[in-house]
Amino acid sequence: MNKLFFRLLVLLMSLSLIGIILVQVYWFNTSFKNNDEQFKFHVKQVIGNVADKLQKQEAYSFYDKINHYKDSTGKVPEKDDILEFYYVQKNPRTNKTIIYSNSIISQNYNIAPTFFDKKFDSEKFKSFSAKRVTEVYNNNSIDKSGVSQSLIPDVRIEKSGNLDILDNALFEISAKDVLSAMPLEERVSSDVLQKLIKKELEEYGIETRFEFGIYSNNLATKIKSNEFKYDKEATYSIPIFTDNEGNSKYQLLVTFPLKKKFLLSELVSVTVLSIVFTLIILIAYTSALNQLIRQRQISEIKNDFINNMTHEFKTPIATINLALDAIKNPKIIDDKEKVLRYLQMIKDENKRMHAQVENVLRISKLEKKELDITKESNNIHEIIDDAIDHVNLILEDRQGTITCHFKAIRTTVLINDVHFTNVIVNILENAIKYSPNVPEIEVFTENIKDMVIIKVKDSGLGMSKIAQKRIFEKFYREHTGDIHNVKGHGLGLAYVKRIVEDHNGQVYVESEKGKGSTFIIKLPLIN
């Protein structure tokens with residue numbers, strides 16, 4: 001896949017995923033704000049209804065008390081005409097005259113001062129009634145001056161009744177004036193207020209814990225719930241017990257400690273589904289991206305492996321061809337010593353190619369668990385010495401040295417001597433190959449609890465943090481500019497890891513770029 005196209009594809013996928021997540025976050029925030037506004041609207045309606053009902057209940061109690069007193073006194077109220085209205089209309093064509101009169105009568109009830117438990121000098125409460133009379137005079141029943149010549153009208157309609165509008169207005173004004181002088185505790189109780197608020201909240205579907213309190217001129221009163229605390233974000237207020245001028249010294253405050261939890265609970269089902277689907281998309285995206293990157297890495301590793309393997313085989317094949325051409329030469333074929341030297345060269349190069357093939361096949365068998373590994377009791381120091389002997393020729397060619405520091409006292413382990421010798425050989429060969437100068441290698445052993453620790457330290461190129469994490473992966477090789485400057489195909493350390501783990505051990509590396517590397521192997525001892 002083209003590198004530019006790959007990056008563009010990853011960018012577009014990432015932007016799409018980020019866009020989906022941002023849309024989900026925006027939707028959630030918008031929905032939460034809408035729920036908050038709706039909650040606020042409903043709460044204002046609730047406390048408004050509570051304030052109205054408190055005032056109406058108090059007024060009704062007051063009216064009931066007054067009416068009960070009026071009925072129980074047995075006194076005849078004093079009646080006064082406080083307003084009279086007259087209207088006369090005459091039809092000049094028919095000489096028909098209509099006279100309308102309306103009298104408003106007040107009935108005064110003198111209420112004893114002890115009725116209110118207050119020291120009033122006197123208190124009067126009035127009720128109002130109206131008497132309405134319509135008289136019709138035909139022909140000349142009324143003279144030109146509007147004076148009736150006959151006392152009996154042709155038609156007389158008389159109506160009377162109470163004026164509820166005036167009564168209610170008077171009672172309301174009086175109630176507010178009288179009740180405003182009473183202490184708050186006598187006007188409302190905490191239990192009544194709590195039941196009223198709870199009932200109103202339930203009608204609006206607000207099922208969450210609430211606390212309430214009444215403040216008088218911004219000071220708390222005794223009318224409140226046990227756990228009421230003012231919270232600016234979750235407290236709503238409204239004036240209660242307003243007077244005739246529309247003023248009030250009392251404020252009803254209702255707060256919702258679990259407001260956010262309640263608002264979130266209304267979104268929880270849709271939010272959970274949204275999160276689940278977003279996570280599925282995120283996991284799918286991550287998996288797809290990981291596979292893309294992995295495939296790209298595998299493609300690069302494959303090309304690297306093919307290039308290195310081609311390079312590894314190219315030199316021996318060229319050497320074998322040159323040796324065969326030399327043997328065919330009539331001047332060389334009769335020289336037995338040279339022929340034997342060329343034949344040995346062919347054998348060595350053939351052995352080298354065979355070793356490369358065996359290394360690839362060994363890894364393949366390990367992965368398929370087809371490699372037969374029989375384990376026996378062995379001395380780890382002897383295995384290390386044997387491995388050093390295997391690399392001595394390469395080491396002498398580079399004029400390098402291997403220094404051993406065997407401090408382990410207990411050295412008996414259960415291993416396969418052939419495979420574990422190959423493990424140490426691979427690590428030593430890497431130490432030699434990746435030392436740009438004369439290789440200086442140190443091998444340490446020590447005991448920690450029931451383990452033997454083997455350390456192979458070099459002073460070579462070292463490796464980056466990324467390479468340290470991936471160095472034991474199959475086919476992985478850290479690029480150093482020219483991929484063929486150090487021969488190999490990234491199978492040696494993968495083989496090392498598989499063999500060590502098969503022996504119930506651990507292998508890892510400590511390295512710093514430019515300061516060399518230390519490979520550490522931990523193996524369990526035989527108790």
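Leaving aside neighbours within four places in sequence, His381 is in contact with Phe406, Ala408, Thr411 and Thr445. This histidine is found in helix H9, and in this predicted model His381 counts as buried because its relative accessibility is 14%, and buried means under 20%. The protein has twelve helices and 15 strands, and buried residues make up 37% of its 527 residues. Of the contacts with a sequence separation of 6 or more, 70% are between residues 24 or more positions apart.

**Five-stranded sheet**

- Five strands form an open sheet in the order S10-S12-S13-S15-S14, with mixed pairing.
- S10 and S14 stand at the edges with a single partner strand each, so one side of each is left without a neighbour in the sheet.
- On average, and with direction ignored, neighbouring strands of this sheet are turned by 15 degrees against each other.
- Helix H10 packs on the sheet and touches S10, S12, S13 and S15; the direction of H10 makes about 170 degrees with that of S15.
- Helix H12 also packs on the sheet, where it touches S14 and S15, and its direction makes about 135 degrees with that of S14.

**Strand pairing around S12**

- Strand S10 (residues 401-406) pairs with S12 in the parallel sense over six bridges, and His405 stands opposite Phe444 in S12.
- The pairing of S12 with S13 is antiparallel and runs over seven bridges.
- Across that pairing, Glu442 stands opposite Lys457 in S13, and the bridge partner of Val443 in S13 is Val456.
- S12 and S13 form a hairpin with two residues between them, and Lys449 in the turn has a positive phi of about 55 degrees.

- H9 passes H10 in a right-handed crossing.
- On the H9 side, the contact is made by Ile380, Ile383, Asp386, Ala387, Ile388, His390, Val391, Ile394 and Leu395.
- On the H10 side, the residues in contact are Asp417, Phe420, Thr421, Ile424, Val425, Leu428, Glu429 and Ile432.
- Helix H12 (residues 492-502) has Gly492, Leu493, Ala494, Tyr495, Val496, Ile499 and Val500 as its buried residues.
- Just after H12, Asn504 takes a positive phi of about 60 degrees.

**Nonpolar cores**

- In soluble globular proteins, nonpolar side chains tend to be buried together.
- The largest nonpolar core has 40 residues, of which Ile380, Ile402, Phe420, Leu428, Ile441, Ile521 and Leu523 touch the most other members.
- Two or more residues of this core come from each of helix H9 (380-397), strand S11 (412-415), helix H10 (417-433), strand S12 (440-448), strand S13 (451-457), H12, strand S14 (506-511) and strand S15 (517-524).
- H10 gives the largest share, eight residues.
- Not counting residues up to four places away in sequence, Ile521 touches Phe420, Val423, Ile424, Ile427, Val452, Ile453, Ile454, Val500, Gln506 and Val507.
- A second, separate core of 28 residues includes Val50, Leu252, Phe256 and Leu263.

**Four-stranded sheet**

- Four strands form an open sheet in the order S6-S5-S8-S7, and the pairing is antiparallel.
- Strand S5 (residues 211-216) is joined to S6 by three bridges and the two run antiparallel; Ser216 stands opposite Leu219 in S6.
- Helix H4 (residues 190-203) packs on the sheet, touching S5, S6 and strand S8 (250-255), and its direction makes about 125 degrees with that of S5.

**Helix H1 and His42**

- His42 has its place in helix H1 (residues 3-73).
- His42 and Gly205 are 163 residues apart in sequence, while their C-alpha atoms are 9.0 Å apart in space.
- Not counting residues up to four places away in sequence, His42 touches Tyr204 and Ile206.

Note on methods
Residues are numbered from 1 along each chain as its sequence is written. This is a predicted model: local features need pLDDT of at least 70, side-chain atom pairs count only at pLDDT 80 or more; totals for chains, interfaces and linings use all residues. Side-chain values use heavy atoms; hydrogens and water are left out. Buried means under 20% relative accessible area, exposed over 50%, partly exposed in between (1.4 Å probe, protein chains only). Two strands pair if DSSP finds at least two bridges between them. Contact means heavy atoms within 4.5 Å. Axes are lines fitted to C-alpha atoms, for helices over the stretch in contact, and angles run from 0 to 180 degrees between N-to-C directions. A nonpolar core is a set of buried Ala, Val, Leu, Ile, Met, Phe, Trp, Tyr and Cys residues joined through side-chain atoms within 4.5 Å. A crossing is left-handed if the near helix is turned anticlockwise from the far one by less than a right angle, and right-handed if clockwise.
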